[in-house]
Amino acid sequence: MNVTWLDPEQLDPRDVAGAVAVLEAARVVDAPHEMPITMSTFSTGLTYGWEGEPALGAVIRDAHARVAGVLQLTFPNRDNRHLGMADICVDPRARRQGLGQALYDASVVRTRAEGRTTLVTYSFDLPASVAFAKAMALERASDEVQREQRLLELDWDRLDRERLAAVERSRDYELLAMPGATPDDMVDAIVELSGAINDAPMDDLDIEDEVFSAERLRAFDQTQVLLRRRLYRLVARHRPTGALVGHTVVAVDQEQPWYALQYDTSVLRAHRGHRLGLLLKVAMLRWLQTDEPQVRVLSTWNAASNDHMVAVNEALGYEVVAGGIAWQRSI
Ligand SMILES: CC(C)(COP(=O)(O)OP(=O)(O)OC[C@H]1O[C@@H](n2cnc3c(N)ncnc32)[C@H](O)[C@@H]1OP(=O)(O)O)[C@@H](O)C(=O)NCCC(=O)NCCS
């Protein structure tokens, strides 16, 4: 069973098409609530990556030479240089034939060859994924929860009540809308804010704090352009000092404009306790209602142990749609 590494300089469109078809067939079975996979999202992952760090791609074929399994393997370089992050997916029609094992083995060999010592992979909390991870001797390192908010069914009375209660505690703060790429004069402040996400719980994951920089923020902005996602960032400013102290970021897919993804929400430690997380998220819902009224679903992931963010999401009426698991293994 041969694993073929894809050449990012010369991606064979047949390999990309085969990989996308497998990922999409798996999505329909494993996570039909998720947004469909597209050629451009998959190719962007291999040519540019999430923040300018492309994934290595590999495929495995069935007896008819058709792509039947896909591996995406990322090696962070700005921080966490001990990690390889693998994403393994096998066509539902070709499962239990050893393809997943072959892709896993290839990811271990490649990760060791890069001098990395820990392999991390994420899965939905599904019986096949859990059984496979256990068979690969991966340890369950963190439990995650995916929630969705249905934007056509928002209970605005409830949201306004929550917002009014929060306003009482946040009189020293105001919110600024910052759509699209970050303005040049805001970059340093947004970089500092972005670091606040490192306080989110990681449970048993062997993951170090992420290092943010202007270069990384610009790479993130560029990824959104390549993925054809419109970016909405709301920032909380401390009026007495003018400091930017918190933000929430959402992206709306331009090809599938009913679907929005919640990215980071974080508040600098010194400014917590003023309900800014909730205020930012309610204001984001208002903004989406005005500028993207067609959005139906806003999807968000949190560690199950992230009590503060989970409490905000529950207050806003998010509903749990899936569980996820972060697995890891020292290699
Ligand atoms: C998980 C996944 C990659 C497994 O792929 P696969 O090609 O079916 O896996 P393999 O055939 O190599 O299975 C290797 C071993 O894992 C275990 N396993 C895999 N699927 C299983 C299942 N549905 N039930 C019980 N055990 C299972 C078995 O021990 C199996 O060995 P065996 O068949 O000799 O008993 C596939 O189901 C998938 O793509 N799921 C969605 C994506 C995902 O969860 N990926 C991340 C996994 S950490």
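**Figure 1. Arg275, a buried residue in a loop of the predicted model.** Arg275 is buried, with 21 other C-beta atoms within 10 Å, where a residue counts as buried if 20 or more other C-beta atoms lie within 10 Å of its own, as exposed if 12 or fewer do, and as partly exposed in between, the C-beta atoms being placed from the backbone. Arg275 lies in the loop between strand 10 (259-267) and helix 8 (276-291), helices (H or I, at least four residues) and strands (E, at least two) being DSSP runs numbered from the N terminus. The phi angle of Arg275 is near 65°, a positive value in a residue other than glycine. This is a predicted model, in which local features need pLDDT of at least 70 and side-chain atom pairs count only at pLDDT 80 or more, while totals for chains, interfaces and linings use all residues. Residues are numbered from 1 along each chain as its sequence is written.

**Figure 2. Asn80, in the loop between strand 3 and strand 4.** Asn80 has a phi near 50°, a positive value in a residue other than glycine. Asn80 is partly exposed, with 19 other C-beta atoms within 10 Å.

**Figure 3. Helix 1 and the elements that cover its buried residues.** Helix 1 (residues 13-30) has 18 residues and reaches 25 Å from its first C-alpha to its last, close to the 26 Å expected at 1.5 Å a residue, the expected span being 1.5 Å times one less than the number of residues in the helix. Gly18, Ala19, Val20, Val22, Leu23 and Ala26 are the buried residues of this helix, and what covers the buried residues includes helix 2 (39-47), strand 2 (56-61), strand 3 (67-74) and strand 4 (83-90). Pro13 is also placed in helix 1, but Pro13 is exposed, with 9 other C-beta atoms within 10 Å. Between the C-alpha atoms of Pro13 and Thr41, which are 28 residues apart along the chain, the separation is 14 Å.

**Figure 4. The largest nonpolar core and the surroundings of Leu103.** A nonpolar core is a set of buried Ala, Val, Leu, Ile, Met, Phe, Trp, Tyr and Cys residues joined through C-beta atoms within 7 Å. Of the 36 residues in the largest nonpolar core, Ala19, Val22, Leu23, Leu71 and Leu103 touch the most other members. At least two residues of this core are supplied by each of helix 1, strand 2, strand 3, strand 4, helix 3, strand 5, helix 4 and strand 12 (319-330), and strand 4 gives the most, with six residues. Not counting residues up to four places away in sequence, Leu103 touches Val3, Ala58, Ile60, Gly69, Leu71 and Ile88, a contact being a pair of residues whose C-beta atoms, placed from the backbone, lie within 7 Å. In soluble globular proteins, nonpolar side chains tend to be buried together.

**Figure 5. The shell of 21 residues around the ligand.** Arg95, Gly100, Gln101, Ser129 and Ala131 come nearest of the 21 residues around the ligand, a residue being near a molecule if its C-beta atom, placed from the backbone, lies within 6 Å of it. Two or more residues of the shell come from each of helix 1, strand 4, helix 3 (99-113), strand 5 (118-124) and helix 4 (127-135), and the largest share, six residues, belongs to helix 4. By class, the shell divides into 11 nonpolar, seven polar and three charged residues, where Ala, Val, Leu, Ile, Met, Phe, Trp, Tyr, Cys and Pro count as nonpolar, Asp, Glu, Lys and Arg as charged, and the others, Gly among them, as polar.

**Figure 6. Contacts between domain 1 and domain 2.** The domain assignment of the protein gives domain 1 (3-137) and domain 2 (146-324), with bounds that come from an automatic or database domain assignment. The C-alpha centres of domain 1 and domain 2 lie 28 Å apart, and 21 residues of domain 1 are in contact with 23 residues of domain 2. Helix 2 and strand 5 are the elements that give two or more residues to the side of domain 1 that touches domain 2, and strand 5 gives the most to this side, with five residues.

**Figure 7. Met284 in helix 8.** Met284 is buried, with 23 other C-beta atoms within 10 Å. Not counting residues up to four places away in sequence, Met284 touches Tyr232, Leu234, Thr248 and Val250.

Notes
Two residues are in contact if their C-beta atoms, placed from the backbone, lie within 7 Å.
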